[in-house]
Amino acid sequence: MAIGKNKRLTKSKKGGKKKTVDPFLRKETYNIKAPSVFATRNAGRTIITKTTGTKIASEGLKGRIFELSLADLNGGDEVQAYRKIKLICEDVNGLDVLTNFHGMDMTRDKLCSLIRKWQTLIEAFVDVRTTDGYFLRLFCIGFTKKQANQQAKSTCYAQSGQVRAIRRKMFDIMTEEASKCDLKELVQKFISTPESIGLEIEKACQSIFPLQNVFIRKVKVLRKPKFDLVKLMELHGDSVAEDTGAVLDKIAAETTVAPLSGSGGRL
C-alpha cells in the first residue's frame, strides 16, 4: 500500500469510546407479597428496569412468575421443603407485588426417593373447575404397599383391574374435593400437613389395595377468570389494607363541637 493514501488510519473513530453505565443503576426493587393462605407474607424481592418513556415498570412486572419453596412460605417448616409453589404477579400496589397461586410441583429428589422396586406406581390426572371459576389440572401419584398377610412375599404388585379401580377413585376424590370449594380453600388443602386429599384417597382405596405415599404431585392453572382487584385484595387480607379513617357523623359533630366566637376577620 502506498504511503499517504489512506488518511483515516491516523484518525480516531467517530464519536469516541462509548461510556459504560452500570445496568443496575437503572433498576428498582419491589417486594413480593404472598397471599394470606401462607404464613410468611414477605416472599422476597424482585428487580425491574425503572419506568422510562412508554415502558412502565409495573406493567412489566404483571404476569411475572415466582417459584418458591413451601418451607419458606410457611415459616421455615423443613417438612414441607419438597413442595414448590408458583406465584404469579397480578397487580402492583406501590412497591408491593401482589401475587396469586399459579401452580404447584414436587422436587425431583423427593419424587426419586418415593420410587422403589417391588411395588406398583399408580398415576392419575384430572381437570377440575373451582367455584370461583379457576380451571386446574391435578396430578396424583400413589404406591402400593404390603398387606398385613403378605409377610413372606417381597413384592406388592397390584393387578391391572385393581390399578384401574384405584385410578377411578383418584379421579372421583380429586374432582369432588376441588369442585366444591374456591381456589383459596383448595390451596389450603394442598399445603396442609398431612395432605388431606392424599389421605382421603388412601382411605377410599384401602378396600381395593393398600396404598402409601399418596400425594398431589403437581397442579397446573389452565384458565382463570377475568381479573378482579377486589377479590385480589380480599385474598391478601390485611397486608394491603389502607387506613381510610373513621366514619364521620355530621349530626354528632355539630352537637359536640362548639362554634368558635370571633369577628370572622383575617387572623
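Which residue takes a positive phi in the hairpin of β4 and β5? Gly 94 does, with a phi near 70°, in a hairpin that has two residues between its strands.

## Basis of the model

This is a predicted model, in which local features need pLDDT of at least 70 and side-chain atom pairs count only at pLDDT 80 or more, while totals for chains, interfaces and linings use all residues. Residues are numbered from 1 along each chain as its sequence is written, and side-chain values use heavy atoms, with hydrogens and water left out.

## Overall composition

The chain holds eight helices and eight strands; these are DSSP runs numbered from the N terminus, with helices being H or I of at least four residues and strands E of at least two. Of its 267 residues, 35% are buried (buried is under 20% relative accessible area, exposed over 50%, partly exposed in between, with a 1.4 Å probe and protein chains only).

The accessible surface of the chain comes to about 17,500 Å², and carbon and sulfur atoms account for 53% of that area (Shrake-Rupley method with a 1.4 Å probe; for residues, only the protein chains shown count as cover). Among contacts between residues at least 6 apart in sequence, 62% join residues at least 24 apart, where a contact means heavy atoms within 4.5 Å.

## Strand β5 and its partners

Strand β5 covers residues 96-106 and is mostly covered, with 10 of its 11 residues buried. Strands β4 (residues 83-93) and β5 run antiparallel and are joined by 10 bridges; two strands pair if DSSP finds at least two bridges between them. In this pairing, Lys 84 stands opposite Asp 105 of β5.

Strand β1 (residues 27-33) pairs with β5 in the parallel sense over three bridges, and Asn 31 stands opposite Asp 96 of β5. The pairing of β5 with β8 (residues 211-223) is antiparallel and has two bridges. There, Met 104 faces Val 219 of β8 as its opposite residue.

## Thr 120

Thr 120 lies in the loop between α3 (108-114) and β6 (121-129). With a relative accessible area of 14%, Thr 120 is buried. Beyond its neighbours within four places in sequence, Thr 120 is in contact with Gly 142, Phe 143, Thr 144, Cys 156, Tyr 157, Ala 158 and Val 163. A polar atom of the Thr 120 side chain lies 3.0 Å from the backbone nitrogen of Ala 158.

## Asp 182

Asp 182 occupies the loop between α4 (160-179) and α5. This residue counts as partly exposed, at 24% relative accessibility. Although Asp 182 and Thr 131 are 51 residues apart in sequence, their C-alpha atoms are 4.9 Å apart in space. Leaving aside neighbours within four places in sequence, Asp 182 is in contact with Thr 130, Thr 131 and Asp 132. A polar atom of the Asp 182 side chain is 3.1 Å from the backbone nitrogen of Glu 185.

## The largest pocket

The largest pocket has a volume of about 390 Å³. Its lining consists of 16 residues, of which Asn 100, Asp 132, Tyr 134, Lys 231 and Leu 232 lie nearest the centre. The elements that give two or more residues to this lining are α5 (183-191) and α7 (229-236), and α7 supplies the largest share, four residues.

A pocket is defined on a 1 Å grid over the protein atoms alone, as an open set of points where a 1.4 Å probe fits, with protein on both sides within 12 Å along at least five of seven lines; lining residues have an atom within 4 Å of a point. Grid points are joined across faces, edges and corners, and the volume is the space filled by probe spheres set on the points.

Note on methods:
A polar contact is a pair of N or O atoms within 3.5 Å; within protein, one must be able to donate a hydrogen and the other to accept it, and residues adjacent in sequence count only if both atoms are side-chain atoms.
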